[in-house]
Amino acid sequence: MICGYSQAHEFDYGDEALKDCIKNSNFVWLGSNVYEKDTGELFPGVMDVYSWSPSSEEEKDVKINFFGLCTSATPKLSYPSSNVEFVNIHTTTQRVFSENNSDNLWVALTHLSMQQDIDLANSKQQKKIKFIL
C-alpha cells in the first residue's frame with residue numbers, strides 16, 4: 001500500500017487515536033480538505049498530494065498525483081473534535097490543482113456521497129481527475 005486517506009470513520013476513536021495511527025503507519029495518509037482550526041494547517045501527519053511515478057525507464061515522465069477528500073458530514077458520522085475542519089471539496093480541488101502540476105494524471109481518493117463524487121467528476125474545474133475511488 002502506498003497511501004491511505006483520512007475518511008469519516010478514521011475519527012471513530014477521536015483525533016489523538018487517529019494521529020497515533022497515522023504516526024505508526026508505514027504508508028502515506030492523504031487528507032487534502034482536513035484541517036486543524038487552531039493552526040490552519042492540514043491535520044497532523046496527512047499529506048495534501050502524493051505524487052508517484054512508475055519505475056520503468058519508458059514511463060519515467062508519467063506522474064500520478066493522488067489527493068484525498070473527506071465528507072463534511074464526518075462530524076455527524078464519527079467523532080472528530082471541534083478543532084477539525086472539513087473544507088469544501090470543490091474549493092480544495094481547485095486549490096490542489098493551482099498549487100501542483102495539473103498536467104499530471106490525477107486520482108481522487110474520496111469518502112463522499114455518490115452524488116458528491118458525480119458532481120466532482122462533472123465539475124468543469126475538475127475535468128483533470130481521471131479516477132475517483
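Serine 51 has asparagine 65 in strand β6 as its bridge partner. The model is a predicted one: local features need pLDDT of at least 70, side-chain atom pairs count only at pLDDT 80 or more, and totals for chains, interfaces and linings use all residues. Residues are numbered from 1 along each chain as its sequence is written, and side-chain values use heavy atoms, with hydrogens and water left out. Strand β5 (residues 50-52) and β6 run antiparallel and are joined by three bridges. Strands are said to pair if DSSP finds at least two bridges between them. Helices (H or I, at least four residues) and strands (E, at least two) are DSSP runs, numbered from the N terminus.

β6 also pairs with β8, here in the parallel sense and over seven bridges. Glycine 68 has leucine 109 of β8 as its bridge partner. Seven of the seven residues of β6 are buried, so the strand is largely enclosed by the rest of the structure. Buried means under 20% relative accessible area, exposed over 50%, and partly exposed in between (1.4 Å probe, protein chains only). Both faces of β6 are covered. Ile64, Phe66, Gly68 and Cys70 are buried on one side, and Asn65, Phe67 and Leu69 on the other.

Helix α3 spans residues 89-99, and its buried residues are Ile89, Thr92, Thr93, Val96 and Phe97. Seen down the axis of α3, these residues fall within an arc of 130°, so they line one face of the helix. The arc is that of the directions from the helix axis to the C-beta atoms. Ser98 and Glu99, on the other side of α3, are exposed. The buried residues of α3 pack against β6 (64-70), β8 (105-111), α4 (114-122) and β9 (129-132). At the start of α3, a side-chain oxygen of asparagine 88 comes to within 2.8 Å of the backbone nitrogen of histidine 90.

The largest nonpolar core holds eleven residues: Val49, Phe67, Leu69, Ile89, Val96, Phe97, Trp106, Ala108, Leu112, Leu120 and Ile129. β6, α3 and β8 are the elements that give two or more residues to this core. α3 gives the most, with three residues. Apart from this core lies another, of ten residues, among them Leu18, Trp29, Val46 and Phe86. A nonpolar core is a set of buried Ala, Val, Leu, Ile, Met, Phe, Trp, Tyr and Cys residues joined through side-chain atoms within 4.5 Å.

Tryptophan 106 touches Val49, Asn65, Phe67, Val96, Phe97, Asn100, Asn101, Lys128, Ile129, Lys130 and Phe131, not counting residues up to four places away in sequence. Contact means heavy atoms within 4.5 Å. Asparagine 33 lies in the loop between β2 (28-30) and β3 (34-36). At 0% relative accessibility, asparagine 33 counts as buried. Leaving aside neighbours within four places in sequence, asparagine 33 is in contact with Gly68, Leu69, Cys70, Glu85, Phe86, Val87, Ile89 and Thr92.

The protein chain has four helices and nine strands. From the N terminus on, the elements run β-α-β-β-β-β-β-α-β-α-β-α-β. Of the 133 residues in the chain, 42% are buried. Among contacts with a separation of 6 or more, 64% are between residues 24 or more positions apart.

Terms used. A polar contact is a pair of N or O atoms within 3.5 Å; within protein, one must be able to donate a hydrogen and the other to accept it, and residues adjacent in sequence count only if both atoms are side-chain atoms.
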